[in-house]
Amino acid sequence: MPAPKPLEFPPGKTLPEELSAAMKRIEATGVRYPEGYYQILLEKYTKEGVFYPHILMIIGEPRINNHFYCSHVLKATGNLLDYGCGTGDNVRQLIRDGFSRGRITAFDINRASIDLGFDLYLDQDEIGDLFTVSETFPYGPDQFDLVYSASVFHVIVEDDILELYLSNAWSTIKPGGIFFGSTAGMKGEGFVDSPGKWGPPRILTRDQLAGHLAGAGFEVMEIVERPHGHHHVPHHENRCVLEFCAKKPA
Ligand SMILES: C[S@@+](CC[C@H](N)C(=O)[O-])C[C@H]1O[C@@H](n2cnc3c(N)ncnc32)[C@H](O)[C@@H]1O
C-alpha cells in the first residue's frame with residue numbers, strides 16, 4: 001500500500017481555496033457545474049475529508065500530454081493500461097487528444113482519487129467503465145501494448161511492493177510493448193534528501209530509476225529530467241521529475 005498521507009493540507013493551503021482552484025482548472029477543460037455545486041462539494045469534503053489533499057491540488061493538471069513519449073503513444077494502435085491512474089486526469093487527457101476510449105484501461109488499488117475525479121469532472125456515466133479498483137493486480141500476462149505509470153513509484157514506500165508493481169507491469173505488457181511514465185526524481189546522482197512530511201516518500205536518482213526498470217527486465221530506452229513544474233510543491237533546488245520510457249524485449 002502507498003504511504004498513509006496526512007489528511008490535511010500543507011501550510012498555507014486550504015480546502016475551500018484548493019477546491020475552487022481545482023474546479024476552475026477543470027472548467028477550463030469544458031466541464032460545466034450546476035448551480036451551487038461548489039458548496040455541495042465543499043460540504044462533502046469538509047465532512048469526509050479529502051483522502052489525498054495533494055491530489056486535489058493537482059487535479060486538472062494532467063502530465064501525460066507533456067511526456068516526451070506521448071506523441072508516439074497518440075500514433076500507436078495498441079491498447080493502454082494506466083497503472084495507478086488516480087483521479088483519471090491522464091485518461092481524460094488521452095481521450096481529449098484522440099486516443100480512443102475503447103483502447104484505455106485505468107486501474108488503481110484505491111477508489112478515493114477515482115471518485116474525486118468523478119465528483120469534479122461529472123463524467124462517471126461516460127467513462128466510469130474504464131476504471132477498475134482492486135487490491136491485487138487483476139491483469140494477466142501479455143495483455144497491453146502500453147503501460148503508463150505517473151507518480152506511482154514515488155508513493156510506494158516498501159521496496160518489495162515496488163518490485164511487485166514493476167513485475168506486474170512487465171508481465172502484463174506484450175513482448176515489444178512499452179512501459180512509460182514519470183516519478184519524482186533528484187537531479188544528478190548525489191544525495192537524495194529526506195522527503196519531509198509533505199514530500200513523496202521515494203525520490204529516485206536517474207541511476208536508481210534505471211536500475212529498478214532494468215531489474216524488472218525492461219530495456220531502458222530513455223530517461224529525461226524535467227523541471228518539477230507543480231506550483232504547490234515546496235521548492236527543492238535539486239528535485240525534478242524523471243520521465244522514462246522502457247521496452248519489454250520482444
Ligand atoms: C500520486 S497518485 C498519481 C495518480 C495518477 N497516476 C496521476 O498521475 O495523477 C499515485 C496513485 O498510485 C496509486 N498506487 C499506489 N500504489 C499502487 C500499486 N501498488 N498499484 C496500483 N496503484 C497504486 C495510488 O492509489 C494513487 O492513486
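Which residue in β8 stands opposite Phe-180? In this predicted model, where residues are numbered from 1 along each chain as its sequence is written, local features need pLDDT of at least 70, side-chain atom pairs count only at pLDDT 80 or more, and totals for chains, interfaces and linings use all residues. Side-chain values use heavy atoms, with hydrogens and water left out. The residue opposite Phe-180 is Cys-245 in β8.

The protein has nine helices and eight strands; helices (H or I, at least four residues) and strands (E, at least two) are DSSP runs, numbered from the N terminus. Of its 250 residues, 49% count as buried, where buried means under 20% relative accessible area, exposed over 50%, and partly exposed in between (1.4 Å probe, protein chains only). The accessible surface of the protein comes to about 11,800 Å², and carbon and sulfur atoms account for 53% of this surface. These areas come from the Shrake-Rupley method with a 1.4 Å probe; for residues, only the protein chains shown count as cover. Contact means heavy atoms within 4.5 Å. Among contacts between residues at least 6 apart in sequence, 77% join residues at least 24 apart.

Strand β5 (173-186) is mostly covered, with 11 of its 14 residues buried. The chain reaches β5 from β4 by way of α8, in a right-handed β-α-β crossover; right-handed means that, with the strands pointing away from the viewer, the path from the first strand over the helix to the second runs clockwise. Strands count as paired if DSSP finds at least two bridges between them. The pairing of β4 with β5 is parallel and has six bridges, and Ser-149 stands opposite Gly-181 in β5. A parallel pairing over two bridges also links β5 to strand β6 (residues 204-205), in which Leu-204 is the bridge partner of Gly-185. By contrast, β5 and β8 run antiparallel and are joined by nine bridges.

The largest nonpolar core has 26 residues, of which Phe-153 and Phe-179 touch the most other members. Such a core is a set of buried Ala, Val, Leu, Ile, Met, Phe, Trp, Tyr and Cys residues joined through side-chain atoms within 4.5 Å. At least two residues of this core come from each of β1 (80-83), β4 (144-150), α8 (159-172), β5, α9 (206-215) and β8 (239-247). Beyond its neighbours within four places in sequence, Phe-179 is in contact with residues including Val-147, Phe-153, Tyr-165, Leu-213, Phe-244 and Cys-245.

Cys-245 counts as buried because its relative accessibility is 1%. Cys-85 is likewise buried, at 6%. The structure holds zero disulfides, a disulfide being a pair of cysteine sulfur atoms within 2.5 Å.

Helix α5 (residues 89-96) is also mostly covered, six of its eight residues being buried. These are Asp-89, Asn-90, Val-91, Arg-92, Gln-93 and Leu-94. Gln-93 has a relative accessible area of 10% and is therefore buried. Apart from residues up to four places away in sequence, Gln-93 touches Pro-62, Ile-64 and Asn-65. Just after α5, Gly-98 takes a positive phi of about 100 degrees.

Val-157 lies in the loop between β4 and α8. Its relative accessibility is 39%, so Val-157 counts as partly exposed. The C-alpha atom of Val-157 is separated by 6.1 Å from that of Pro-201, although the two residues are 44 residues apart along the chain.
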